[in-house]
Amino acid sequence: MSRTNSRGENLMLVAISVFLGLLLWVQVSEEQQVQKVKEFTLAIKYSNLRPGLVLVDQTEFVRIVVSGPARQVDVIDSEDIQPEVDLKNTGRGQLSLPIRLPPLDSELTASLSRSEASLRLEEVRSVVKTVEVEELGQTVDDLRYDGSTVQPEQAKLSGPASQIARVKK
């Protein structure tokens, strides 16, 4: 009789184990299927800028929405999805170039608020200008103005060609 009782207890324990296993499996599979969305607004990294060129009026930020299983979305941070625009093989002018993201895990998807960055590349120009003191206004009666001295006598300005062209004096 104890052998039959033992067999019945074993069957009961097997049934309970299978039931608990199924409950655990349902819980874990639900966790894996929970989808989550995370949003980032990140600065765009511009790489491979040729010497002698400068970025002007570029798109600075892009919004990125990452979605996927909650357990993966929760651990992603801004360094994992740094948006980048490659300026290799580009010359001066108004450009629209694709914004790239690093590869993500196959279960994650990322969407960008814009697929291209708008920018203008200009040549860097330099100009040397003489520093002048412009006398404005009047002195107080008790003071006498004897002129001015300038140190340094010249200043070198460097920047985008369009902005350097605007410098008059």
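Student: Which strand does serine 47 lie in?
Tutor: Serine 47 belongs to strand S2, residues 45-47; strands are DSSP runs (E, at least two residues), numbered from the N terminus. This is a predicted model, in which local features need pLDDT of at least 70, side-chain atom pairs count only at pLDDT 80 or more, and totals for chains, interfaces and linings use all residues. Residues are numbered from 1 along each chain as its sequence is written, and side-chain values use heavy atoms, leaving out hydrogens and water.

Student: Is serine 47 buried or exposed?
Tutor: Serine 47 counts as buried because its relative accessibility is 11% (buried is under 20% relative accessible area, exposed over 50%, partly exposed in between, with a 1.4 Å probe and protein chains only).

Student: And what does its side chain make a polar contact with?
Tutor: The partner is the side chain of glutamate 84, at 2.6 Å; a polar contact is a pair of N or O atoms within 3.5 Å, one able to donate a hydrogen and the other to accept it, and residues adjacent in sequence count only if both atoms are side-chain atoms.

Student: Changing topic, what is the order of the three-strand sheet?
Tutor: This open sheet runs S1-S4-S7, with antiparallel pairing (two strands pair if DSSP finds at least two bridges between them). S1 and strand S7 (109-112) each have a single partner strand, so one side of each lacks a neighbour in the sheet.

Student: How many bridges link S4 and S7?
Tutor: S4 and S7 are joined by four bridges. In S7, threonine 109 is the bridge partner of serine 67.
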